[in-house]
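Subject: Structure handover

Hi,

Here is the structure I promised to pass on. Have a look through it first, and then read my notes below.

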Amino acid sequence: MSDRQGPQVNTTRTAWLLWLAALLCVAMAVLGLCIGSAGFENTVGTLLGAHTEAAERAMAQQIVWDIRLPRTLGALAAGALLGLAGALAQGLFRNPLADPYLLGSASGASLGVALALASLGGGAGMVGGSMMSESAAISVFSSSVWVRLGLTGAAFGGAVLAVMLTLSLARGVQHTLRLLLAGVIVGVVLGAITSLVLLFSPDSLQAMQSFLLGSTSFIGWTSCLLMAVVWLLCVVAAWALARVLDGLSLGESTAQSLGLPIGPLRAALVGVLALATGTAVAQTGLIAFVGLAAPHLVRAIARVPHRQLMWLASAMGAVLLGGADLLARWLIAPQELPVGVLTAVLGGLYLLWLMHRGGGALGGRGA
């Protein structure tokens with residue numbers, strides 16, 4: 001009887017968690033329309049006012065629909081990508097401390113953006129970054145579309161090239177420990193090169209700060225659509241490949257005994273991980289701890305196989321980054337905090353809490 005009840009409880013918890021995450025995402029999307037540097041009364045209040053002048057209404061509508069709504073939805077989409085990538089990384093490396101940036105994608109993206117900014121002479125149109133007001137952001141959106149697209153492409157291209165370099169140094173994906181060490185080495189080397197680029201191009205430092213600290217300020221509708229499509233492709237692929245992660249969780253030899261083609265499937269998982277991480281980093285910069293914490297929080301609520309974990313970690317990542325984005329806009333309004341700094345602080349406090357509990361949740365099976 002108890003054996004039959006166990007899976008039923010997990011299924012119930014899984015459904016409950018998905019519904020709760022969906023409701024939270026909807027609530028955050030609504031709140032995102034109201035929170036910003038221009039304030040509630042100057043935006044939503046203006047839109048709802050019966051005696052609002054046409055110019056004021058047009059400005060308020062542009063702030064709400066062209067700045068706040070895509071930014072909020074983009075934060076949810078980026079969080080979903082990072083949560084999914086975190087679940088993939090932890091399953092692939094068989095280590096609960098693995099995060100999506102272990103393959104060097106973050107350092108590669110940073111180097112790509114630094115080189116692009118240096119070539120642009122400091123990144124015109126990007127100055128101000130996460131501290132920019134909404135009214136100023138409107139002019140940036142309308143005047144620097146190609147600049148932002150170029151920086152996004154540079155970040156994604158740098159992330160992909162870094163992962164390819166990691167795979168080359170690791171001589172494929174056959175050895176997980178070698179892959180992990182190669183990712184660390186690539187991250188350190190590319191980080192040093194990024195520092196050198198910024199040293200010789202000091203005009204790029206202010207614009208680069210927005211990327212390094214993490215920001216959702218420049219997410220538009222195109223970015224939202226791109227991240228949504230990539231997330232859908234990645235989560236379906238991860239769901240289809242989840243069986244190999246369940247096998248790897250039991251050990252390499254056990255996975256091979258199940259008749260799974262470990263090499264090709266692991267390569268496919270690395271590809272999905274790189275695509276999800278690179279897409280999120282290209283749109284939001286370096287946002288810490290979301291990919292690490294999302295799978296942890298899911299496992300603390302429900303013990304589920306990787307097929308369910310992919311969806312739950314995505315939902316949890318969306319909730320974490322969406323909530324952090326709202327806090328970043330609200331805490332010191334009308335100014336705002338870089339969302340990456342806020343997630344780093346909250347994520348660090350979460351890890352300290354786990355350590356205080358005795359470290360059981362941090363114990364890994366090893367790479």
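Before the details, one cut-off: a residue is called buried when its relative accessible area is under 20%, exposed when it is over 50%, and partly exposed in between. Going by that, R329 is buried, because its relative accessible area is 3%. Keep in mind that this is a predicted model.

Salt bridges with shared partners connect R71, D325, R329 and E336 into one network. The count of salt bridges comes to three, and here they are:

- R71 with D325, where the closest N and O atoms are 3.1 Å apart. R71 sits in helix 3 and D325 in helix 14, so far as sequence goes 254 residues apart.
- R71 with E336, with 2.7 Å between the closest N and O atoms. E336 is in the loop between helix 14 and helix 15, so this pair ties together parts that are 265 residues apart in sequence.
- D325 with R329, at 2.8 Å between the closest N and O atoms. R71 is buried at 5%, E336 is buried at 6%, and R329 is buried at 3%. As background, side chains of opposite charge can pair when their charged atoms come close.

Apart from its neighbours within four places in sequence, D325 is in contact with R71, T72, A75, T216 and V339. Its C-alpha atom is also 9.5 Å from that of M28, a residue 297 positions away along the chain.

Now the overall layout. The chain has 15 helices and zero strands. Buried residues account for 50% of its 367 residues. If you take contacts between residues at least 6 apart in sequence, 78% of them join residues at least 24 apart. The chain exposes about 16500 Å², and carbon and sulfur atoms supply 69% of that area.

The largest nonpolar core has 80 residues, and the ones that touch the most other members are L88 and F93. Helix 3 (residues 54-93) provides the largest share of this core, with twelve residues. Which residues does L88 contact, leaving aside its neighbours within four places in sequence? They are A238, L245, L269, V272, L273 and M310. There is also a second, separate core of ten residues, and M28, I35, A315 and A318 are among them.

- Helix 4 (residues 105-119) has 15 residues and reaches 21 Å from its first C-alpha to its last, close to the 21 Å expected at 1.5 Å a residue. Twelve of the 15 residues are buried, so helix 4 is largely enclosed by the rest of the structure. The buried residues include S105, G108, L111, V113 and L117.
- Helix 7 (residues 176-200) has 25 residues and reaches 36 Å between its first and last C-alpha, close to the 36 Å expected at 1.5 Å a residue. Among its buried residues are T176, L179, G183, V186, L190 and L198.
- Helix 12 (residues 262-284) has 23 residues and should span 33 Å at 1.5 Å a residue; its end C-alpha atoms are 33 Å apart, which agrees. Just after helix 12, G285 takes a positive phi of about 80 degrees.

Last, the surface. L327, W330, L331, I332, V341, V345, L346, L349, L352 and M355 make a nonpolar surface patch of about 940 Å². Helix 14 (306-330) and helix 15 (339-356) are the elements that give two or more residues to the patch. Helix 15 gives the most, with six residues. W330 lies in helix 14, and W330 counts as exposed because its relative accessible area is 53%.

Cheers

Methods
Residues are numbered from 1 along each chain as its sequence is written. This is a predicted model: local features need pLDDT of at least 70, side-chain atom pairs count only at pLDDT 80 or more; totals for chains, interfaces and linings use all residues. Side-chain values use heavy atoms; hydrogens and water are left out. A nonpolar core is a set of buried Ala, Val, Leu, Ile, Met, Phe, Trp, Tyr and Cys residues joined through side-chain atoms within 4.5 Å. Buried means under 20% relative accessible area, exposed over 50%, partly exposed in between (1.4 Å probe, protein chains only). Helices (H or I, at least four residues) and strands (E, at least two) are DSSP runs, numbered from the N terminus. Contact means heavy atoms within 4.5 Å. The expected span of a helix is 1.5 Å times one less than its number of residues. Accessible areas come from the Shrake-Rupley method with a 1.4 Å probe; for residues, only the protein chains shown count as cover. Patches are made of residues with over 30% relative accessible area and no salt bridge: like charges are joined within 9 Å, nonpolar side chains (Val, Leu, Ile, Met, Phe, Trp, Tyr) within 5 Å. A salt bridge is a side-chain nitrogen of Lys or Arg within 4 Å of a carboxyl oxygen of Asp or Glu.
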